Amino acid sequence: MATVSANTEQDKHPWPHMQSMFRFKGVQKDSYIMRCLLCEPKQTDVSAYKNSTSNLRKHVARVHSNKLRMYTELMDSHRKRKSSSSTEPPMKNAKLTDSFTGSRRITQATFDKLLLTFVCEANRPFSIVETSSFKTMMETLQPQCTVMTRKTLCSKIQDAVKNMKSIIIKKLSTVNYVATTTDCWSARQHSYLGVTCHWIDDISLERHSAALACRPLKEEIHSEYHIREKVTRTTTDSGSNFLKAFRLYGEDKEEETTNWQEDSGSILDDAEDSELEVEYQDVFAVLDDNTGLEYQLPRHQKCACHLLNLISTVDATAAEATNDTYKRLFRSAFAKCHALWNKTSRSIMAYETVECECKLQFLQPNQTRWSSLFLTVERLVRIHKEQGEKAIRNVCTALKIKMFNPAEMGFLVEYTAVMKPVAMALNILQGESSVHMGFLLPTLYQLLEKLRKLESSCKMCRPLVDALRDGIQKCFGEMMKDPELIAAAILIPRFRTSWTTEESILKAGLTFIRHQLDTELGEASTNSSLSDEDDFFGSMGSGNPEAGELERYLSCPFTGGMDVLHGFPQIKKLSVKVNTALPASAACERLFSHAGLLFTAKRSQLHSKNLESQLLLKLNHHFTD
């Protein structure tokens with residue numbers, strides 16, 4: 001980088017008191033370039049920020065430690081001269097209490113609001129306001145304010161939750177389409193139903209989210225927030241409890257079958273034959289207490305991340321049955337992996353050995369965490385690559401574990417290469433703020449394409465590739481033919497029709513879009529004030545403007561993001577409708593993660609209402625006044 005010389009920018013030394021040790025050479029962006037006179041005849045340049053000489057001091061301390069005292073004396077003498085020549089009184093260090101007293105005093109109402117926010121967002125127990133140390137600290141900082149009692153805090157939290165819910169309801173009243181994610185959670189002999197809500201802003205086309213509930217399985221939540229008729233889809237995992245509830249109380253897809261779907265060959269049956277068992281919560285029993293009139297569930301969407309995780313764990317085991325060589329390598333390599341993970345997780349000596357030899361720790365597999373097995377194997381392969389085989393061998397020797405042979409290590413390297421696209425797809429689909437339903441099919445098609453390309457390069461994990469591809473077809477086969485999901489992908493500007501080469505798939509999605517646009521046109525003409533004659537013959541000679549809008553949308557250049565939809569109002573409206581839902585229920589999983597931080601063993605007696613209130617105030621803090 002070019003340096004401006006001292007003669008062209010500044011003739012004077014920026015720090016004259018340092019002239020005996022450093023000569024000013026020039027300026028380089030926000031730094032001065034100084035030549036060290038102590039290093040001569042060797043030419044050594046030191047870069048120092050314009051507002052700090054710390055780099056000069058570091059250079060003296062490191063290279064000329066015997067001159068450090070001289071440097072300190074020069075700096076001290078400069079500070080004394082500067083302070084004696086200044087007419088301003090010396091500044092006094094501010095004390096902590098100074099910032100909260102005098103003009104910085106706050107009202108009792110503000111104090112109470114800040115205290116409530118602290119308790120909720122920091123996951124603190126309500127009893128903290130009655131501890132003597134906390135009260136002493138608050139009274140010292142704000143002596144004019146009084147710390148509320150625990151009972152008052154609970155009351156104010158309930159008031160804040162009511163206010164927050166009214167704000168969310170008001171916001172949702174302006175939205176045409178919303179989607180929800182739902183899951184069940186058990187902790188300390190209590191069962192909870194979690195619900196999150198998601199929508200797309202019509203103006204900015206940005207996604208917004210809100211946590212709606214985390215409560216026992218007894219209440220109808222959609223009606224409470226007045227979104228019952230607006231929910232396009234509800235995303236859950238593939239637990240048999242949810243599948244049965246939505247099959248009996250969800251929207252009847254057969255009633256939505258129309259002639260245009262039959263013509264395009266897109267009539268699909270319910271894909272509920274392979275129910276996957278997870279932690280059981282009796283959702284159906286709650287719904288079955290009613291006649292079915294009160295509980296009408298929206299259309300169901302299976303969580304794509306949950307299915308991908310099952311494919312990468314359960315379906316991948318099918319590869320062992322198809323190839324003996326793969327089975328032998330898989331079992332021998334992973335037996336040593338598990339022995340290594342178990343030893344390092346249970347022994348401090350083993351932990352320190354790994355730290356010394358590998359510079360990184362091994363990760364531990366977790367059955368409840370997506371991509372857990374891949375991440376643990378990837379870390380092992382990374383250590384082998386960066387630190388060499390010797391580091392792994394030393395650890396295995398110290399822990400008395402059999403060392404991986406070259407075939408087993410090669411198998412693990414190939415395993416991570418095969419599973420990496422699956423983990424990447426899972427990470428994409430579990431997004432919340434920038435992912436829409438239209439991401440589902442392009443992600444799956446790209447995943448299948450990446451697995452297809454790996455077939456030629458795989459020597460040992462070819463059976464795993466085949467098992468993964470078969471699992472994707474088994475779990476997502478019906479979704480990949482769903483015209484609405486195909487249309488959702490086409491109506492994402494970055495994808496449109498470039499994500500697949502299958503003409504029949506694209507045709508089904510385009511037919512769905514045209515049908516929806518024609519339906520919107522028909523409803524608009526029905527509500528128009530034209531006479532029957534003008535309305536009946538109005539489309540003659542003018543063509544179909546909505547069809548023309550679709551063609552213009554498909555041919556326009558991609559400029560990034562969703563903003564291109566603003567130029568196509570009918571396309572934008574349909575895109576918001578079909579893309580409001582999320583392909584995964586990860587948002588509800590995150591809600592339960594926060595709930596777990598609140599509902600600890602020491603707070604096992606926390607009432608469900610207080611748990612939900614504190615949780616919602618934390619997650620929905622941007623919806624409060």
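**Close-up 1. Helices α21 and α24 in the lining of the second largest cavity of this predicted model.** Both α21 (503-526) and α24 (569-579) contribute at least two residues each to the lining of the second largest cavity, and α24 provides the largest share, with four residues. The lining is made up of Y177, Q516, L517, E520, Q570, K573, L574 and K577, a set that divides into three nonpolar, two polar and three charged residues. The volume of the second largest cavity is about 60 Å³, and the structure has two cavities of 30 Å³ or more.

**Close-up 2. The salt bridge between K474 and D315.** The side chains of K474 and D315 meet with an N to O distance of 3.2 Å. Because K474 lies in helix α19 (residues 462-476), whereas D315 belongs to the loop between α11 (304-313) and α12 (318-322), the pair ties together parts of the chain that are 159 residues apart in sequence. The two partners are also described by their accessibility: K474 is exposed, with a relative accessible area of 55%, while D315, at 13% relative accessibility, counts as buried.

**Close-up 3. The salt bridge between R393 and E389 within helix α16.** The closest N and O atoms of R393 and E389 are 2.6 Å apart. Both residues lie in helix α16 (residues 389-399), and because they are four residues apart there, about one helical turn separates R393 from E389. R393 is partly exposed, with a relative accessible area of 37%, and E389 is likewise partly exposed, its relative accessible area being 40%.

**Close-up 4. A network of salt bridges joining K165, R215, E224 and E612.** Salt bridges with shared partners connect K165, R215, E224 and E612 into one network. Within this group, the side chains of E224 and R215 form a salt bridge in which the N to O distance is 2.7 Å. R215 counts as buried because its relative accessibility is 5%, under the limit of 20%, whereas E224, with a relative accessible area of 26%, is partly exposed.

Notes. Residues are numbered from 1 along each chain as its sequence is written. This is a predicted model: local features need pLDDT of at least 70, side-chain atom pairs count only at pLDDT 80 or more; totals for chains, interfaces and linings use all residues. Side-chain values use heavy atoms; hydrogens and water are left out. A salt bridge is a side-chain nitrogen of Lys or Arg within 4 Å of a carboxyl oxygen of Asp or Glu. Buried means under 20% relative accessible area, exposed over 50%, partly exposed in between (1.4 Å probe, protein chains only). On a 1 Å grid over the protein atoms alone, a cavity is a set of points where a 1.4 Å probe fits but cannot get out, and a pocket is an open set with protein on both sides within 12 Å along at least five of seven lines; lining residues have an atom within 4 Å of a point. Grid points are joined across faces, edges and corners, and a volume is the space filled by probe spheres set on the points. Ala, Val, Leu, Ile, Met, Phe, Trp, Tyr, Cys and Pro count as nonpolar, Asp, Glu, Lys and Arg as charged, and the others, Gly among them, as polar.
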